[in-house]
Amino acid sequence: MVQPKRTAEEMFPLVEQYNERTRSAAAFCAKHGISYGQLNYWRRKYRQETAAEDSRGFVEIGSAAPREAAQVEIAYPGGIRVRFFAPVSASYLPRLTQS
């Protein structure tokens, strides 16, 4: 039997449900009307997508407050910068530079 085409928006929530499963793969697939092959295909796609998101590293989190000059900035080799816009304890800073 040919399965209908599915989209990531439709399948990723199912993959997340499957990852938290309490039943067998066969029972899960039967309940949701998908084949085991489809489930595994979308599980691979989901892992690739989430791995790509995880590999982006740190991202800046904006705030509604007006932007001020950083009070402390640490520049690492390779271009990574860590900025603190609030006072930071001097005893905390050496821990950021340890590898």
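What share of the contacts in the protein between residues at least 6 apart in sequence join residues at least 24 apart? The share is 34%, where contact means heavy atoms within 4.5 Å.

**Before you start**

This is a predicted model, in which local features need pLDDT of at least 70 and side-chain atom pairs count only at pLDDT 80 or more, while totals for chains, interfaces and linings use all residues. Residues are numbered from 1 along each chain as its sequence is written, and side-chain values use heavy atoms, with hydrogens and water left out.

**Stop 1: the whole chain**

Show the protein as a cartoon. Its secondary structure comes to four helices and two strands, and along the sequence the pattern reads α-α-α-β-β-α. Helices (H or I, at least four residues) and strands (E, at least two) are DSSP runs, numbered from the N terminus. Of the 99 residues in the protein, 17% are buried. Buried means under 20% relative accessible area, exposed means over 50%, and partly exposed lies in between (1.4 Å probe, protein chains only).

Now colour by pLDDT, which is the predictor's confidence in each residue, from 0 to 100. The mean for the protein is 79, and 78% of its residues reach 70 or more. Helix α4 (residues 93-97) has the lowest confidence, at a mean of 76, and α2 has the highest, at 90. Where pLDDT is low, the predicted coordinates should not be read in detail.

**Stop 2: the nonpolar core**

Select Met11, Phe12, Leu14, Val15, Tyr18, Ala25, Phe28, Cys29, Ile34, Leu39, Trp42 and Tyr46. These 12 residues make up the largest nonpolar core. A nonpolar core is a set of buried Ala, Val, Leu, Ile, Met, Phe, Trp, Tyr and Cys residues joined through side-chain atoms within 4.5 Å. Helices α1, α2 (25-32) and α3 (36-54) each supply at least two residues of this core. The largest share, five residues, comes from α1. In soluble globular proteins, nonpolar side chains tend to be buried together.

Next, centre on Phe28, a member of this core. Leaving out residues up to four places away in sequence, Phe28 touches Leu14, Gln17, Tyr18, Arg23 and Leu39.

**Stop 3: Arg6**

Move to Arg6, in the segment before α1 (8-19). Is Arg6 buried or exposed? Arg6 counts as buried because its relative accessible area is 17%. Apart from neighbours within four places in sequence, Arg6 is in contact with Met11, His32, Gly33, Ile34, Gln38 and Trp42. Two of these, Met11 and Trp42, are on the list of core residues too.

Show the side chain of Arg6. It reaches the backbone oxygen of Gly33 at 3.1 Å. A polar contact of 3.3 Å also joins the side chains of Arg6 and Glu10. A polar contact is a pair of N or O atoms within 3.5 Å; within protein, one must be able to donate a hydrogen and the other to accept it, and residues adjacent in sequence count only if both atoms are side-chain atoms.

Arg6 and Glu10 also meet in a salt bridge (3.3 Å, N to O), meaning a side-chain nitrogen of Lys or Arg within 4 Å of a carboxyl oxygen of Asp or Glu. Glu10 is partly exposed, because its relative accessibility is 38%. Side chains of opposite charge can pair when their charged atoms come close.

**Stop 4: the hairpin**

How many bridges join β1 to β2? Four bridges join these strands, which run antiparallel; two strands pair if DSSP finds at least two bridges between them. Select Val72, whose bridge partner in β2 is Phe84. Then select Ile74, which stands opposite Val82 in β2. The hairpin has five residues between its strands, and Gly78 there takes a positive phi near 95°.

**Stop 5: salt bridges on the strands**

The count of salt bridges comes to three. Select Glu73, Arg81 and Arg83, which are linked in a network of salt bridges. Arg81 meets Glu73 at 2.9 Å, N to O. Arg83 meets Glu73 at 2.6 Å, N to O. This second pair links distant parts of the chain, with Arg83 in strand β2 (residues 81-84) and Glu73 in strand β1 (residues 72-75), 10 residues apart. Glu73 is partly exposed at 40% relative accessibility, Arg81 is partly exposed at 48%, and Arg83 is partly exposed at 45%.
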